[in-house]
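Hi there,

Here is the structure I promised to pass on. Please have a look at it first, and then read my notes below.

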Amino acid sequence: MIRIISPLLRWLIIGLAIAASVGVVALSLWLIQLDKEVRVRFAGVKWVLPAQVYAAPMDLYPGAPITVPELRRELDRLGYRLSDELSGPGTYQIATDELRVDVRAFSFWDGPQKEQRVAFRGDASGLTTIRAMGSDQSIDLMRLDPMLIGSIYPSHSAEDRVLVKLDEVPPLLPATLIQVEDRAFEEHYGVSLKGILRAAVTNAFRDGGRKQGGSTITQQLIKNLFLSNEQSYARKIREALMAVLLERHVSKHDILEAYLNEVWLGQDGNRAIHGFGLASQFYFNKPLNELRPAEVALLVGIAKGPTVYNPRKHPDRVRERRDLVLKLMEEGGLIRADEREVESLSPLGVQNGKAGGVERYPAFIDLVRRQIKGLYREEDLGSEGLRIFTTLDPRAQERLEARIVADLPDLEKGRQLKAGTLQAAGVVTSVEGGEVLAMVGDRNVRFPGFNRALDSQRPIGSLAKPFVYLAALADPGRYNLYSLIADEPIELRMPNGSRWAPKNYDRRLHGTVPLYAALAKSYNLPTVRIGLDVGVDRVHDLLQAAGLQGPPRLPSMFLGAINASPLDVAQIYSTLAANGYLTPLLAIREVMTKEGQPLSRYSFQLKQTLPEGPVYLTNWAMQKVIEFGTARWAVSVLPAGQQYAGKTGTTDDARDSWFAGFGGDRVAVVWVGRDDNKPVGLDGAAGALRIWGRLMRDLNARGLDLTAPAGIVEASIDPQSGLLADNGCAGAISVPFMAGAVPTSYAPCADAGQSGPLDWLKDIFR
Amino acid sequence: MNLFSWPAMGFRLRLAALGALTLAVAGCVSEAPVRTPRTTGQVLVPPAAAKPARPEAPVVQPPLLPPPPVMPPVAVDYPKTLAAAGAAAPVLALARQAQQSRAAGQHDAALGQWQRALRIEPRNAFLWHEIAVTHLKLKHAGQAESAAQKSTSLAHGNLWLEAQNWRLIATARRVLLDVTGAEAATARADSLSAGLATASP
C-alpha cells in the first residue's frame, strides 16, 4: 500500500502534518495569548463611572415650612409611588388625616438613614407632627433620600452608569435575563452549541428580518467589553474562544454582574445609558429594587436593541417585546400566570424623558461641573463613581422655572414682542451659608446650551447703585439716609477727552432729594454726584469686597457700566443680605465615594468685608425701593407685613431688565433681555421685577430681620429737612443713623425742649 | 429722649416703651435703651450698667389712662444655651449629634451638623457661636473669628454671648499671632463680663 502512494502525495502528507503541527502550535500560542488578554483585560476592566450628582435632601421636622401637598409633590419627584398600602420602600399612602411614607434607606455623609415607615401630619403652614409608624415615637428630624439630578462624565467619553452588585439587585432581574438571553447560562462553558444550532436553524428558515443570535451572555459580555461591532466570522470565533477562556477564570456570578453593569440600554443625546442601575433611573425614575415585574421585563426586553426598542419612541413595539418577555418569565416559572396577566395590563410606566429626574437641571449641573473641576481630576470624576451632594433645592428650582416659563410670554405680550424674543436667567441663593438653591440659564429651562446665569456678561445698570450709597453711608460724618442731595445736571470730561453727561431715567430733575429717596427712585444724577464725592476707588473697593471680580474704575460704574452675570450679582447682593459678610457662593456640600464613604465636605467660608452698620442703612434704603420706589409693584404680590430689600436695574435703551433683592433667608436675581442685545422696551420694574416679586412669594421667602446691629440708633426726623423732630413736627418719622452721627440740630418745625413727659404718654396711646 | 419716633411705632411697641420708661424711672436710670428699637416688643434689654428695677419703687400713674401692662422682669439673666434661647427641636437634635461628634473628636462632622442646624435657623446666634468653636477646634482660626463676629451681630444684645464670642476671638487671634488684636478682644470680653457681673441680681 505504501508503495502505491506517490512521492508527491507523501510529501503532501508530510507537508500537511508539518502545517498542522505548526497550526496547532500557532493556535496554542494564540490561545495562550488570548487567555492572557482575557485575564488581564477582565481584571483591568475599569467601569466608566461618572460622578453622580444629587440635589440637597429635604429636611423634615415638625415645624418645617413644608405642607403635606408639598411633601407629596416631593415624593412624586423622587419617584415614590402612591399605593393603597405601604408596599416596600418608595411607596406612600394617603390616609384620612396623614400621609404615610415608606422612606427609602440612604447613606448620607454623616451616616446611613435606615428605611422607615413614617406618618406625617401638617397644616397650612407646614408639618406639625412626624411619627414613626408602629410606635408612638415622634421624630424630631429626618431626611428624604436626595434626588439624583445628573452625572458628570469626562468630555471624551459619554458613557454613564450607576454600578450595581448582583447580590443587591432583585433576583427577578438576573433570572429574567437568563431566561430570555441564555437559558443554559448556568451549564455552558462560555458558548452554547445548542444555542448556535437553534439560531442557525431559525435563521436558515427566515428571510431577512432580524436574525437570531446564538450568543451566550458570556459572549455578549466579551463582545461589549473587548470587541468591535463588526460582523465577521473571525470576530465570532475570537469572541467564542474568549468566552470559553473567560469562563475558566471568572465565576458565573461575576460574569452576570459585569453584564448587568455593562450592557447598553439607551441613549440620551450624547450620553449612553449603560447598565441596569442607571437604566432604571433613566426610564422609571426609581432604584432597581423598586421595579415591578413588568418594568424588569421592559429593561431586559430592550437590551436586545435600545434603538429599535426605544420605549419613548416606539412604545407599541416595546410593549409587544415586554409582553413577550413576561410570557417567557411565566414559562420559566418566574412569575405566575395571574401575575403575568396583571403585569401585561400595566402601562409601560416610562417617565417622560428629561422630566424623569436625570439631566433635568442643565444650568445648575453646569455650575456644579465648574466648581468640582478645581477639586478633582477629570479622570476621577469620570471613573470613580463619586457621589456629589449639592445645594440644589428642587422646590426652589421648580418655582424659579415655573415663573420664568409663565411670565416671559406675558412680558412679551405686554410689549407686543414676538413670542420667543425674550430670554431670561435667574439665580436663588440662601442668605446665610451662600448656597445656590436654584438656577435657570435659558427660558427653555431644560436646554443644556448657553448658560446665561453664568456666562452672560451684561451691564448691571442701577444694580450697582447701592454700593455708591453704601460708600456714602460708610462716611457717617458726611452722609446719612436723610442727607439732602441735589438732583442737578452733571457733565464730566473723561480721560479720553469725551464728555459724559448722565441723565435721569425719566429725563427730569427733582430738585433736592433725601439720599435714601434718590436710591429708592433710582435717580442717576444724585448717584453720580455722591459717587464722585466719595470717589471711584471707594465704590470699586466696596464692589470688590462684596465679591465682584475686577469691576472697572470709571465714574460710569456708578450707573452700572459693569458687566456681570446673574450669579455675580447674586454674590454681591448676598453680601448685602448677610449684613456685610461675604460667603463665596457654593453649589457643592459633600463628596462621597461610590461605596458611601465621606470624602470631603465643603464648608462655606465667611468673612466680614463690608461694614455692618452702613450695610444696614443701605438695606433700609433698599426696602424703600419696594415700599415706594421703583419696585413698589412688588408690594402687590409680596406677603403683607413683611419687608424685603431690592433694586431694579435697567441699561441704556432698556436692553437689560434686572432685579436683585432679598428677604431674611433668600436672595434672588432675575435678568430679562435679548440675546442679540437689542432693546426690549422693559425697564427693571416692568420686566425682571415681575418675575422676582412672584418668585419671592412662591418661595415663601421670609421677610427681613429688621433688628438693627450695634452702632445703629434710631432718631425721630422731620422728613422735610432731615433734621431732628419732636412733638412739634407733624409726620416725623423714625430713621436709623450711625451712632454718634445723629443730626444735632432741630428741624424748623420742632419746639425742642418745650414738650413735657405728659405729651410723651399721650403720644404713646395716640 | 428723642431717640424714638412715636408716630412710626406700633401700639405694642409704644406699650413696651412705656413699660421701659416706667422701669427706667423706677430704677433711676436716665438712659433709654438705644439698641434694636424697631423690633423690641418682647423684652427690652437694658444697657449693661442698668440696675434691675426695684418692685417697691413708686410708679407714676398718669390719670385717665389704662393701667400699664405687666412687664416681664428685666432680663439681665441672658440665655446661655441653645435650649434656653428657644431653639427648635430639630436644631436641638442636631446639637446633640454635633456634641457627640465633638466628644468623639470628629470636628468636621460636628461642623457639618452645626451647619445643617443653621439651615433650619440661619440667624441663631448660638449656632454661629458653636460654628466658631468648631472652626477653632479644626484650627481654622480665621473662620472661627468670622463666625464669632457673626454670632455677635445676631446676638440681639445678649451680652453674655457677646462676651463668649470675644473670648473666642481672642483665642483665634492668638492662633493667628495677632497679639494686639487678641488683647483688644480680651479687653472687650472682660468689660462685657464686668458689666454682666454688676448687672446680675
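**A helix across a sheet**

Helix H21 of chain A lies across strands E31 and E33 of chain A, and runs at about 150° to E33(A). Lying across rests on contact, meaning heavy atoms within 4.5 Å. Such angles run from 0 to 180 degrees between N-to-C directions, with axes as lines fitted to C-alpha atoms, for helices over the stretch in contact. Helices (H or I, at least four residues) and strands (E, at least two) are DSSP runs, numbered from the N terminus.

Before going on, some background: this is a predicted model, where local features need pLDDT of at least 70 and side-chain atom pairs count only at pLDDT 80 or more, while totals for chains, interfaces and linings use all residues. Residues are numbered from 1 along each chain as its sequence is written, chains are lettered from A and ligands numbered from 1 in the order in which they are written, and side-chain values use heavy atoms, leaving out hydrogens and water.

Back to the sheet: it is open, with 3 strands in the order E32-E31-E33 (chain A) and antiparallel pairing. Two strands pair if DSSP finds at least two bridges between them. Its edge strands, E32 (723-724) and E33 (733-738) of chain A, each pair on one side only. Between E31 (residues 712-718) and E33 of chain A there are 6 bridges, and A:Val713 has A:Phe737 in E33(A) as its bridge partner.

**A second sheet**

Another open sheet has 3 strands in the order E12-E14-E13 (chain A), with mixed pairing. Here E12 (159-161) and E13 (264-268) of chain A are the edge strands, and the twist averages 30° from one strand to the next. E13(A) and E14 (residues 271-274) of chain A run antiparallel and are joined by 4 bridges; A:Asp268 stands opposite A:Arg271 in E14(A). Helix H8 (residues 275-284) of chain A lies across E12, E13 and E14 of chain A, at about 115° to E14(A).

**Rings and charges**

Over all chains, a search of the whole structure finds 11 aromatic pairs. Rings of Phe, Tyr and Trp (its six-membered ring) pair if their centres lie within 6.5 Å; planes under 30 degrees apart count as stacked, over 60 as edge-to-face and the rest as tilted. The pair of A:Tyr482 and A:Tyr516 is tilted because the planes are at 40°, with the ring centres 4.8 Å apart. A:Tyr516 also pairs edge-to-face with A:Phe628, at 6.0 Å centre to centre and 85° between the planes.

Buried means under 20% relative accessible area, exposed over 50%, and partly exposed in between (1.4 Å probe, protein chains only). A:Tyr482 is buried at 3% relative accessibility, as is A:Tyr516 at 10%, whereas A:Phe628 is partly exposed at 29%.

A charge sits over a ring if NZ of Lys or CZ of Arg is within 6 Å of the ring centre and within 35 degrees of the ring normal. A:Lys252 does this over A:Phe185, 4.7 Å from the ring centre, and A:Arg312 over A:Phe282, at 4.4 Å.

**An enclosed helix**

Helix H7 (residues 252-262) of chain A has 8 of its 11 residues buried, so it is largely enclosed by the rest of the structure. Among the buried ones are A:Lys252, A:Ile255 and A:Tyr259.

Happy exploring!
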